[in-house]
Amino acid sequence: MTISVLRTADGWWVQTPAGATRIVTSAVTTGELLADRTAVEAAVTREADTVPVASLQLLSPVTAPCRVIAQMTNFSSHVRDSGMDPARIPLTFFRKSSASIGGPFADVVKPAHVRLLDYEVEIGLVIGRQIPVGTTIDGANLAEYVGALVVTNDVSARDVQLPQTQFYEAKSYPTFTPVGPALVLLTAAELARFDELRLRLRVNGQLRQDMLVGTDMIYRPVQALEALTRFQDLSAGDLILTGTPVGTALSAPSKLVQLLGSLLPEPVKWKAFFARQAANPKYLRDGDVIEATVATDDRAIDLGVQRNAVRY
């Protein structure tokens, strides 16, 4: 059975049917908590001293600083919507600042200069132990290294991202990586059901993204970790974002529009592109409420509901 761990300013909790039970631990960081599995499991069986989950002011269950690494264009539907061929997409990554991590119910705050604010629901892999460069990772030992899963939202400033042709700034502003509500610890058998997870995102109750991992994800966690450990260490508590399906506000223009745009000078091309995008009602507006969920359809694995208001 999965274990859902919550975090507040004064400690860690296990979510149970009766409420939340405090974990007796000296752990401060996510990495330290994942190393103290005995304390987590002891809290699961403790029936006394529960409090209502709704009474807790939940923070991100992934603590900063940590590495935040994201897979690019890792869902076939999103690749096609971006005007590319899924069969020709390599396994690639980009980095986000861990200062962008925000709480599961905290506001997403748009910087004053950003005009096109977008959303991307993603499954986050939380590394459970040190992974040195050169570590062999395969399906048989994956659960030894993936300590937990979390709901994440890769919030993006598209008008910053696209002209720069790099992602770091556009995806690293404070509050641009909401995480949680729960750090969900799984058994190896439960992690093997990763393909059965469904990602959903709604804005003001309207369903924008809805996709099953098994029908759409290109590179699975074992492939991502195999690739990463060829060139860098990973540490307990690091966060890997695994990509988003179709349904974001940004969508590729038609082939004809792309062809015509390629004939224009760069400043003129971007001015025309952003003028069209500004008329797109799917970009996030002040006061919008984003709700993101990840779960199997039978709810046996449920990472919880993340809900963030947008503030300009």
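Phe273 is buried, because its relative accessibility is 9%, under the 20% cut-off. The model that shows this is a predicted one. Phe273 belongs to helix 10, which covers residues 266-278. Val246 lies 27 residues from Phe273 in sequence. In space, the C-alpha atoms of Phe273 and Val246 are 20 Å apart.

Five strands make it up, in the order 8-19-18-15-16. The sheet is open, and its pairing is mixed. Strand 8 (108-109) and strand 16 (206-212) each have a single partner strand, so one side of each has no neighbour in the sheet. These two strands stand at the edges. In general, strands of a sheet pair through backbone hydrogen bonds, either parallel or antiparallel.

Strand 15 (residues 197-203) pairs with strand 16 in the antiparallel sense, over 6 bridges. Val203 has Gln206 in strand 16 as its bridge partner. Arg200 and Asp210 form it, with their closest N and O atoms 3.5 Å apart. Arg200 is in strand 15 and Asp210 in strand 16, so the pair ties together parts that are 10 residues apart in sequence. Arg200 is partly exposed, with a relative accessible area of 24%. Asp210 is partly exposed too, at 30% relative accessibility.

Move on to strand 18, residues 289-296. Strand 15 and strand 18 run antiparallel and are joined by 7 bridges. Leu199 stands opposite Val294 in strand 18.

Strand 19 (residues 302-311) comes next in the walk. Strand 18 and strand 19 are antiparallel, with 6 bridges between them. Val289 has Ala309 in strand 19 as its bridge partner. The two strands form a hairpin, with 5 residues between them. Arg299 sits in the turn and has a positive phi of about 65 degrees.

Now look at the charged pairs. How many salt bridges does a search of the whole structure find? The count is 19. One of them joins Glu120 to Lys171, with the closest N and O atoms 3.4 Å apart. Glu120 lies in the loop between strand 9 (117-118) and strand 10 (121-127), and Lys171 in the loop between helix 5 (158-164) and strand 13 (177-178), so the pair ties together parts that are 51 residues apart in sequence. Glu120 and Lys171 are both buried.

Arg220 forms a salt bridge with Asp195, and here the closest N and O atoms are 2.7 Å apart. This pair links distant parts of the chain, 25 residues apart. Arg220 is in the loop between helix 7 (213-216) and helix 8 (221-228). Asp195 is in the loop between helix 6 (188-191) and strand 15. Asp195 is partly exposed, with a relative accessible area of 33%.

The structure holds 2 aromatic pairs. Phe94 and Phe167 form an edge-to-face pair, 4.8 Å centre to centre, with 75 degrees between the planes. Phe94 lies in strand 6 (residues 93-96) and Phe167 in the loop between helix 5 and strand 13, so the pair ties together parts that are 73 residues apart in sequence. Phe94 is buried, at 11% relative accessibility. Tyr173 and Phe176 also form an edge-to-face pair, 5.3 Å centre to centre, with 75 degrees between the planes. Tyr173 is buried, with a relative accessible area of 11%. Phe176 is buried as well, at 0% relative accessibility.

Charges meet rings too. Lys171 lies over the face of Phe167, at 5.5 Å from the ring centre. The charged end of Lys110 sits over the ring of Tyr312, 4.7 Å from its centre.

Finish inside. In soluble globular proteins, nonpolar side chains tend to be buried together. The largest nonpolar core here has 59 residues. Ile123, Leu149, Phe194 and Leu225 touch the most other members. Another core lies apart from it and has 25 residues, among them Val68, Phe94, Ala148 and Leu241. Leaving aside neighbours within four places in sequence, Leu149 is in contact with residues including Ile123, Ala182, Phe194, Leu197 and Leu303.

Definitions and conventions: Residues are numbered from 1 along each chain as its sequence is written. This is a predicted model: local features need pLDDT of at least 70, side-chain atom pairs count only at pLDDT 80 or more; totals for chains, interfaces and linings use all residues. Side-chain values use heavy atoms; hydrogens and water are left out. Helices (H or I, at least four residues) and strands (E, at least two) are DSSP runs, numbered from the N terminus. Buried means under 20% relative accessible area, exposed over 50%, partly exposed in between (1.4 Å probe, protein chains only). Two strands pair if DSSP finds at least two bridges between them. A salt bridge is a side-chain nitrogen of Lys or Arg within 4 Å of a carboxyl oxygen of Asp or Glu. Rings of Phe, Tyr and Trp (its six-membered ring) pair if their centres lie within 6.5 Å; planes under 30 degrees apart count as stacked, over 60 as edge-to-face and the rest as tilted. A charge sits over a ring if NZ of Lys or CZ of Arg is within 6 Å of the ring centre and within 35 degrees of the ring normal. A nonpolar core is a set of buried Ala, Val, Leu, Ile, Met, Phe, Trp, Tyr and Cys residues joined through side-chain atoms within 4.5 Å. Contact means heavy atoms within 4.5 Å.
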